[in-house]
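Dear colleague,

I am handing over the structure we spoke about, and it is placed just below this paragraph. My notes on what was found in it follow, and I would be glad if you read them with the model open beside you.

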Amino acid sequence: MIRRCVLLVAAVGVFGPTFVPTVARAADAEIDAATKKAAAKKFKEGEKAFRAHDYEKAAQAFEEANSIAPHPAPLFNAAQAHEKAGNLVRAANLCARYLRDAPAKDKRRSKANALLADLRPKLGRITVESVDGDQLEIDGKAVELDETFVNPGDHVVTGNFDGETVRREINVVAGSLGRVVLEKPKPKAAEPAVIEAEPATEDPGRDTGPKTKEKPLPPGWFYAGIATTAVLGGITVWSGLDTNKARSDYDANPTQAGLDDGRAKQSRTNVLLGATAVVGVATGVVGVFFTRFGEHKKKDTDLAVGVGPGFATLQGRF
């Protein structure tokens, strides 16, 4: 039955004026004889391959015949060949194209509807909606139908908007229709301007040299060290003079008590000398490394030093 249908189409449906619908006859008028001959040759190759059950070759030949001289007959025959070859997606899309383009009274419509009804539950469908977009594609192939048949699974839909490609992914299951809307990308929000803070203006009257870490101690501590060193120095001088006097007394009247007293005073003087040296060095270190000079205020320190024969006092408030 299929063979007879194909032969009939080849004889009178595509290339002959007898029994050809008005739409097809108008199209034939625009096709020259050489083009019709080339299309007829491909059509015959298709029916020969179909009879030999080489459905892949038949489908290719029918599609080539339709591309040379577009007509519903080779388009529908290509759909049938693809279905028998197992190319269900291609068969469904060609069948949908046939139903879209064929005349309303074309006798193959009932068979096309039956074929599509059989394929629809096995495949998914995608409809793409877009405003101001072009070059719409599904998995890299141009969108030609309102509903494109695809294999169940994941698919990529793309469109071009003023040179920028928009990409969407969709998953469809067998028998379902997936809808993809492609929209023009929204303008990117302007990035906020980066405002660099101007460096603080230095007071012309202040030192603008390199900043150093602020030292922890006020000047009062340094001055207290100086005062302490001076007090110890005074006591040491007094102790030395007292030791010399004890030595003179011992030389004038050598006694055991005088010797013991002189030795004790000598030891006292040595201790005072050492203490004076230690406090003096410590005061220098505090002054150089730990004292913040230039910010001294009178309230930072309040010192009172007293020195007398055999005693010394240091009073201070920090």
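This is a predicted model: local features need pLDDT of at least 70, side-chain atom pairs count only at pLDDT 80 or more; totals for chains, interfaces and linings use all residues.

**The sheet and its histidine**

H155 itself belongs to strand 5, which covers residues 153-161, and strand 5 is joined to strand 6 by 9 bridges, the two strands running antiparallel. Is H155 buried or exposed? With a relative accessible area of 8%, below the 20% cut-off, H155 counts as buried. The side chain of H155 also reaches the backbone oxygen of N151, at a distance of 2.6 Å. In the hairpin that strand 5 and strand 6 form, 2 residues lie between the strands, and D162 takes a positive phi near 50°.

These two strands are part of an open sheet of 4 strands, whose order is 3-2-5-6 and whose pairing is antiparallel. Strand 3 (141-142) and strand 6 (164-172) stand at the edges, and because each has a single partner strand, one side of each is left without a neighbour in the sheet. Strand 3 pairs with strand 2 (residues 134-138) in the antiparallel sense over 2 bridges, and K141 in strand 3 is the bridge partner of I138.

H53 is found in the loop between helix 3 (33-51) and helix 4 (55-68). Whereas H155 is buried, H53 is exposed, with a relative accessible area of 57%. The side chains of H53 and Y55 are joined by a polar contact of 2.8 Å. The C-alpha atoms of H53 and A85 are separated by 8.9 Å, although these residues are 32 residues apart along the chain.

**A pair of helices**

Helix 8 (residues 219-252) and helix 9 (residues 256-290) have axes that come within 8 Å and cross at roughly 160°. An angle over 145 degrees counts as roughly antiparallel, and helix 8 and helix 9 are therefore roughly antiparallel to each other. The crossing in which helix 8 passes helix 9 is left-handed. Which classes of residue make up the contact of helix 8 with helix 9? By class, this contact has 13 nonpolar, 16 polar and 4 charged residues.

With kind regards

Key:
Residues are numbered from 1 along each chain as its sequence is written. Side-chain values use heavy atoms; hydrogens and water are left out. Axes are lines fitted to C-alpha atoms, for helices over the stretch in contact, and angles run from 0 to 180 degrees between N-to-C directions. Angles under 35 degrees count as roughly parallel, over 145 as roughly antiparallel, 65 to 115 as roughly perpendicular and the rest as oblique. A crossing is left-handed if the near helix is turned anticlockwise from the far one by less than a right angle, and right-handed if clockwise. Ala, Val, Leu, Ile, Met, Phe, Trp, Tyr, Cys and Pro count as nonpolar, Asp, Glu, Lys and Arg as charged, and the others, Gly among them, as polar. Two strands pair if DSSP finds at least two bridges between them. Buried means under 20% relative accessible area, exposed over 50%, partly exposed in between (1.4 Å probe, protein chains only). A polar contact is a pair of N or O atoms within 3.5 Å; within protein, one must be able to donate a hydrogen and the other to accept it, and residues adjacent in sequence count only if both atoms are side-chain atoms.
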